[in-house]
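Please report on the strand pairing and the salt bridges.

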Amino acid sequence: GSATFVGLGFHGVIRADGPAVITLTSCTLRNPAGNLVNVKNTAQAVLLGCDLAESGPKFPAIWAGNGAAVTVTDSRFRDVLSEAVFLTERSALTMTNTQVLSGLIGVVGASRAEITRSTLASATANLISLKENSQVFLEECDLSVAGPNHPAVWAEGESSLEISRCSMHDLNSRGLHLTGRSTAHISGLALTGVGEDAFRLLEGARATVEHSTLTSITGDAFDIADDCGLWLTDTHISGCPVGVRGKGATVDMRGSSVTSGQSGLVLAGVVATVSDTTFTTLEQNAIALSEGTSLTWTGGVISGCNSGIFASGASTVTVTGALLHDLRGNGVAGLEGSSVTMASSRVQRAAMPGVLVDGEGSDLRITASIITETPEPVCIQVGAVGIIEGSEMSSTGNTAVLLFAGAAASITTSLLTSLEGPLYSSNSAVSLQGC
């Protein structure tokens, strides 16, 4: 059966079971002792222009279970002490043009929620929590003021989240916490004012973020670990300590930027691919690699940072078609057995050696590149080896290429210029051909 209520003021719970359909229009619902609406066993509830408040402390304002469906439009939740809506057992929610001013949206048990053009704000809890292979879709929503130690959105248990053209702001904790192999696809997000990391990914979670901006973040923009994956496209990060901090993960970054923070990427044991991305005005190194990280960087610019790329701990760096300039340290540095390959790239105006390799097992290969307006374009030292082919090294100091302490280098068909001798070698081996 079905029932329709218009302009109802009701203190208590409205229930629907089985195939029943209840429709509530311009109703005011209160129930300090329990739920306001309870639907189960494929029942449906439709709320239009309703005011929902003062459900019981441990009772969701709307509870839906066992395949029930809830539609909420042009309504408002306030003074809710538990969940505003709780879905379980493959239930569904469609919410449009609604204000959720207290209480979270809880989605568990392979349930599904679609929320459009709505406002979610809760000073005491998460705004959305999804678990147990559930799904949430957010479109043109505004999320703000999640409670302390409560991320705005929490996803676990292989759940999936899709966010499109939404804003997140003024958050006490994280914007998004993904764990337990959950996934997120985010497009057109404007995020600003976050009290912790903007996004944290753990336990095999995956996130794709595109056409988004992240600003004014107290913690890192992205903190990922535990075999997680992060794919960023046309995403711009500013005003946070680290753009992406990763450990034991996969990072892919395309057409994006990191500005006005401490570091761009801080990666340990990560496989990273970066292309056409800009790192500017950073207090520390633009990219720091350790613990065997592999970085492939194509195109893009690093400027106004300490060092451009600093690799240690047997990491691997491949740079192609990039520009690194106006740096307070090195352009690229490879230490502790790290490997650096540079092709068709340019380093200029670095205060320290443009390219540095240091230590046994460290190696360098430069082809078709230019290192200029730098006191020491290339330095190879302490057992490291280098190959320079078809490149130009122009020093503003005394020497273009320096070799120290058991280093070795082969330089072919290259142009070396400096104020004095173009090459300085101390206790090292060097071969010059066609230079």
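A salt bridge here is a side-chain nitrogen of Lys or Arg within 4 Å of a carboxyl oxygen of Asp or Glu. This is a predicted model, in which local features need pLDDT of at least 70 and side-chain atom pairs count only at pLDDT 80 or more, while totals for chains, interfaces and linings use all residues. Residues are numbered from 1 along each chain as its sequence is written, and side-chain values use heavy atoms, with hydrogens and water left out.

**Salt bridges**

The whole structure holds 16 salt bridges.

| Salt bridge | N to O distance |
|---|---|
| Asp79 and Arg78 | 3.5 Å |
| Arg112 and Glu114 | 2.8 Å |
| Arg245 and Asp220 | 2.6 Å |

The Arg245 and Asp220 pair links distant parts of the chain, 25 residues apart. Arg245 lies in strand β31, Asp220 in the loop between β28 (206–217) and β29. Strands are DSSP runs (E, at least two residues), numbered from the N terminus.

Burial is set by relative accessible area: buried is under 20%, exposed over 50%, partly exposed in between (1.4 Å probe, protein chains only). Asp220 is buried at 7%. Arg245 is partly exposed at 33%.

Arg78 and Asp79 also belong to a network of salt bridges with Arg30, Asp51 and Arg76. Asp79 is partly exposed at 45%, and Arg78 is partly exposed at 25%.

**Strand pairing**

Two strands pair if DSSP finds at least two bridges between them. β29 (residues 222–225) pairs with β31 (residues 242–247) in the parallel sense, over four bridges. Phe222 has Val244 as its bridge partner. β31 also pairs with β34 (residues 263–268), again parallel, over five bridges. There, Arg245 partners Val266.
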